[in-house]
Every structure is written in C-alpha cells, then in structure tokens.
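Please look at the structure before reading the points below.

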Amino acid sequence: MKALIFGGSGLVGSAVYGALVAAGHDVSATYNENKPTCYSCDNWRRWAVSDTNGLGQLLREMQPDVVVSVLRGDFLKQSVAHQVMMEFLKKSDGRMVYISTVNVFDGVAGGGHREAAIPYPLSQYGDFKKSCEEMLLWGLGKNCLIARLPKIVSPADKTRALQRAQGGEVFYSNLYFNYNRPQNVAAALVHCIEARRSGVLHLTSHDALSDAQYGQILLANTAATVKAAQLTAEKYCHLLGGHDISRLKASDSGEICLTMACTDERINAKFKISCAQATEEL
C-alpha cells in the first residue's frame, strides 16, 4: 500500500510515518520547514499548504492509495488543500484519513462525547475541523476515516508547564481532558488503515485528568508547584476565542470536560489506554 502523509514532520505525523514504515508499507510524507533527519530523504517532500498547484502535481506523481492529513496552518488554505485532495481521491478511488480533534465539541462543557454525537464547537479551530470533517465525509463516503484525537502528550508539555508555574499562572482544577500518546495513536491508525475502516472514530483514553492534575504530573520532579484555581465559564469562552457565553452549553456540576468516549470495542480491546499509561514516559 502506498501512503502519503501531509504534515508528516509533526508529533503525530512522524509517529504515523514510522508505524506505517514498520508495517512494511510504501510511505512518503511532506514537511514545511523542519525535515526529520531520522528517515530516508527520498520519501520526504517539502510542500507548503498554500501551494495548490504543487499539491496536485505531488498527488499525481505519488499516486497514493491512502492520504493521511495531519496538516496545520492557515484554515482557509487547509480547506482548499483538502478540497484538492478529496477531488483527486474521488477519481482514483483512494482513501483519506483525516486527523481531527475533540475541539469539535468544545461548546459543550459536559464532555464524554461519543462518535455519534453532533459536533458543537465554539472555537474557530473546532468549527474549522468540523467543516473539514463534513466536506470529506460527504465527498468520500466509505473511503474516509475521521480520527478525532484528545490532548496528545508531548515532552514539550513539561517545558510549557514549568513556564506557566514560574510565571505565576494557575492550573485549572475543574477543566478535564482525555490524553493519548503519539505512538498509541499511530498504532491504532495503522490498524484502521489496514482494516479499511471508515466513518468517525475517537482515539482517546478511557479516563480523564484535570489541567491541575496533569500539571502535577509534569512538575513532579521539579521545584515548581501547581497553583490550582477554578475555571469560570466566561474565562473558558475567552480562551476559546469567543465572547458569547450564552452559546456555551454549561454542565450542571460546574466542571468543564473537553473529553470523548470510544464506542468501538475492537479498538478499545487493542488500543485502550489510561491517562497514567499515556503520561508514563514523561
């Protein structure tokens, strides 16, 4: 199988690249600024999301059976790029794996959303991801898999947490997230690609941690301490870039849970993960 990963130099993209190569597939990937040095140069192409003509040429040259999109950058340029990818795959009967996010639900504070739940974003980011999901699912049907991810654990999280603590910022005790690690996501995606999965799938942990609890894990071996506080609905909306708090579907408990659940028992059996497992390498 020939796979082409857009955004392959990022945290998740590079993990998917490595997992597909390890599984014996013919894999190529794009990067914008930072080409990974740990893989063969022949399989990496420099490409910017604004280069629509170059995208069409790249797709025609590579003729991928499956495209994995982990793109970042300007939302409008990404939308155009995904339109080009979709039209190419419609003609070639190729498949798309689109990496989406829990933020398609960030307007509902109750959390715990399953795959069949209707997205309700407040943020521009969540709204953009929702629109891409809809376009690709509508255009490609059974040849499209939407993989929604929770927070992805990164070694860089430690640096950011330390900066927050040293800068006197608070960590929120009532803001909850699921977590996963890149390697587990990559293994699940390779399984789904090989099984020709389609539709919507949540690749998430089965439990959750608050922002303050995660901060404590990250700062456990440092002299810094976590200053915990409650996140208000007003502040939450502000962090999402919105100002109309009336649009937020608040929870009765006062907790704000940006969390998902996975209903697929086969995925849960193979790739079920806890927050403790996701963070154990930090």
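A pocket is an open set of grid points where a 1.4 Å probe fits, with protein on both sides within 12 Å along at least five of seven lines, and its lining residues have an atom within 4 Å of a point. The model described here is predicted. Rolling a probe the size of a water molecule over the atoms shows where empty space is left.

**Second largest pocket**

- The volume of the second largest pocket is about 160 Å³.
- Its lining is made up of Leu11, Ser14, Ala15, Val153, Ser154, Pro155, Arg181, Pro182, Gln183, Ala278, Glu281 and Leu282.
- Sorted by class, these lining residues are 7 nonpolar, 3 polar and 2 charged.
- Helix H1 (11-22) and helix H6 (182-194) each contribute at least two residues to this lining.
- H1 gives the most, with 3 residues.

**Overall build**

- The protein chain has 10 helices and 14 strands.
- Its radius of gyration is 19 Å, close to the 19 Å that the globule rule gives for 282 residues, so the chain is as compact as a globular protein of that length.
- Along the principal axes, the C-alpha atoms fill a box of roughly 55 × 40 × 40 Å.
- Of the 282 residues, 51% count as buried.
- Among contacts with a separation of 6 or more, 77% are between residues 24 or more positions apart.
- The chain exposes about 13,400 Å², and carbon and sulfur atoms supply 49% of that area.

**Cavities**

- How many cavities of 30 Å³ or more does the structure hold? There are 2 of them.
- The largest cavity contains about 70 Å³ of space.
- Around the largest cavity lie Asn180, Asn184, Val185, Ala188, His202, Leu203, Thr204, Cys262, Ile267, Asn268, Phe271 and Lys272.
- This lining of the largest cavity divides into 6 nonpolar, 5 polar and 1 charged.
- H6 supplies at least two residues of the lining of the largest cavity, and so does helix H9 (265-271). H6 also supplies at least two residues of the lining of the second largest pocket.
- The second largest cavity holds about 30 Å³ of space.
- Val66, Arg95, Met96, Val97, Asn143, Leu145, Ile193 and Arg197 line the second largest cavity.
- Strand E5 (residues 95-101) provides the largest share of that lining, 3 residues.
- By class, the second largest cavity is lined by 5 nonpolar, 1 polar and 2 charged residues.

**Met85**

- Met85 is part of helix H3 (residues 75-92).
- Is Met85 buried or exposed? Its relative accessibility is 0%, so Met85 counts as buried, since buried means under 20%.
- Leaving aside neighbours within four places in sequence, the residues in contact with Met85 are Phe6, Leu55, Leu59, Val67, Leu71 and Met96. One of these, Met96, is also in the lining of the second largest cavity.
- Arg95 is 10 residues from Met85 along the chain, and the C-alpha atoms of the two are separated by 9.9 Å. Arg95 is another of the residues that line the second largest cavity.

Notes. Residues numbered from 1 in each chain as written. Predicted model: local features only at pLDDT ≥ 70, side-chain atom pairs only at ≥ 80, totals over all residues. Heavy atoms only, no water. 1 Å grid on protein atoms, 1.4 Å probe; cavity = no way out; pocket = protein on both sides within 12 Å on 5 of 7 lines; lining within 4 Å. Points joined across faces, edges and corners; volume = space filled by probe spheres on them. Helix = DSSP H or I, 4+ residues; strand = E, 2+ residues; numbered from the N terminus. Nonpolar A, V, L, I, M, F, W, Y, C, P; charged D, E, K, R; others polar. Rg over C-alpha atoms; globule rule 2.2 N^0.38 Å. Buried < 20%, exposed > 50% of the residue type's maximum accessible area, 1.4 Å probe, protein only. Contact = heavy atoms within 4.5 Å. Areas by Shrake-Rupley, 256 points an atom, 1.4 Å probe, with all protein chains shown as cover.
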